[in-house]
Amino acid sequence: MQKIIVFGPSIFGEIVYHYLKEEKEYEIVGFSANKERISEKKFLGLPVIPFETIENEFPPEEYKMFIAIGYQKMNKPREKIFNEAKKKGYELISYISPKATIWNDTKIGENCFIFENNVIQPFVKIGNNVVLWSGNHIGHGVQIFDHCYISSHVVIAGFAKIQKNCFLGINSSIRDEVTIGRECVIGAGSIILNDTNEKEVYSSGTTKKLSITSDKIKKI
């Protein structure tokens, strides 16, 4: 079994813990966080070790790591710890749910977490440190670059490119052959039909509330 340290005693870290413990190849031995952020010595019954000195207790020759940090600040905190863990010599595992549909030729980098019901078609390339939450469609030939976060039920059509440090909200859709520039936010429900520039933010707007009440509707 691979002995794993999870960086991030948090909600995401707890989710990672529950997924990995169901797989026979992983044994989670502890958690880690930056020293100033540690408030409890244990999380889920396992020790929480300061990241600054983690290699003293869990040397990289014997242990691997997963960085469980979300999408805040355009994924840059996760990118920072990813790079620091690599400098310390840790191999960062990637998890692919057995309930995801993935072709054998799919290229996936380190520290990726791919949840259930993702459909990833042939010739897809996924970089390092990418989160694919549940139920997405990733079309053939798509490229997702490093440090991205794709939330649930996103559709990325064939040969689209998602550049580094992007966030794609639930139910957003990217047209085929479109390139999303670096550090873009594609809000929930947005439909992107053309290339975007870096650091752009898109929103589908809020659903309009009608003045009629539901008991007055004759047909839905």
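Let's start with Tyr 71. Tyr 71 is partly exposed, at a relative accessible area of 44%. The scale is simple: buried means under 20% relative accessible area, exposed means over 50%, and partly exposed lies in between, with a 1.4 Å probe and protein chains only.

A word on the source. This is a predicted model, where local features need pLDDT of at least 70, side-chain atom pairs count only at pLDDT 80 or more, and totals for chains, interfaces and linings use all residues. Residues are numbered from 1 along each chain as its sequence is written, and side-chain values use heavy atoms, with hydrogens and water left out.

Back to the rings. How many aromatic pairs does the structure hold? There are 18. Rings of Phe, Tyr and Trp (its six-membered ring) pair if their centres lie within 6.5 Å; planes under 30 degrees apart are stacked, over 60 edge-to-face, and the rest tilted.

One of those pairs is Tyr 71 with Tyr 149: edge-to-face, 4.8 Å centre to centre, with 70° between the planes. These two come from distant parts of the chain, 78 residues apart. Tyr 71 is in the loop between strand E5 (64-67) and H3, and Tyr 149 is in strand E15 (residues 149-150). On the names: helices (H or I, at least four residues) and strands (E, at least two) are DSSP runs, numbered from the N terminus. Is Tyr 149 buried or exposed? Buried, with a relative accessible area of 8%.

Tyr 71 also pairs with Phe 167. That pair is tilted, 4.7 Å centre to centre and 45° between the planes. Phe 167 is buried, at 16% relative accessible area.

Now zoom out. Ring pairs link a cluster, and its members include Tyr 71, Tyr 149, Phe 167, Phe 12 and Trp 133.

The charged end of Lys 88 sits over the ring of Phe 51, 5.1 Å from its centre. The test: NZ of Lys or CZ of Arg within 6 Å of the ring centre and within 35 degrees of the ring normal.

Next, the sheet around Phe 167. Seven strands make an open sheet with parallel pairing, in the order E6-E9-E12-E15-E18-E21-E23. Two strands pair if DSSP finds at least two bridges between them. Why is one side of E6 and of E23 left without a neighbour? Strand E6 (95-96) and strand E23 (201-202) stand at the edges with a single partner strand each, so one side of each has no neighbour in the sheet. Inside the order, E18 and strand E21 (residues 185-186) pair in the parallel sense over two bridges. The bridge partner of Phe 167 in E21 is Val 185.

Now over to E2. Seven of its eight residues are buried, so call this strand mostly covered. E2 runs parallel to strand E1 (residues 2-7), joined by six bridges. Gln 2 stands opposite Tyr 26 there. E2 also runs parallel to strand E4 (residues 46-50), through three bridges. In that pairing, Phe 31 stands opposite Val 48.

Lys 42 stands opposite Pro 47. E3 and E4 form a hairpin with two residues between them, and Leu 44 in the turn has a positive phi of about 55°.

Which other residues have a positive phi without being glycine? Asn 75 has a phi near 70°. Asn 75 is in the loop between E5 and H3, and is buried at 0% relative accessible area. Asn 171 has a positive phi of about 65°. A pocket is an open set of points on a 1 Å grid over the protein atoms alone, where a 1.4 Å probe fits, with protein on both sides within 12 Å along at least five of seven lines; lining residues have an atom within 4 Å of a point. Of the 19 lining residues, those closest to the centre of the largest pocket include Phe 7 and Arg 37. Which element gives the most to the lining of the largest pocket? H3, with three residues.
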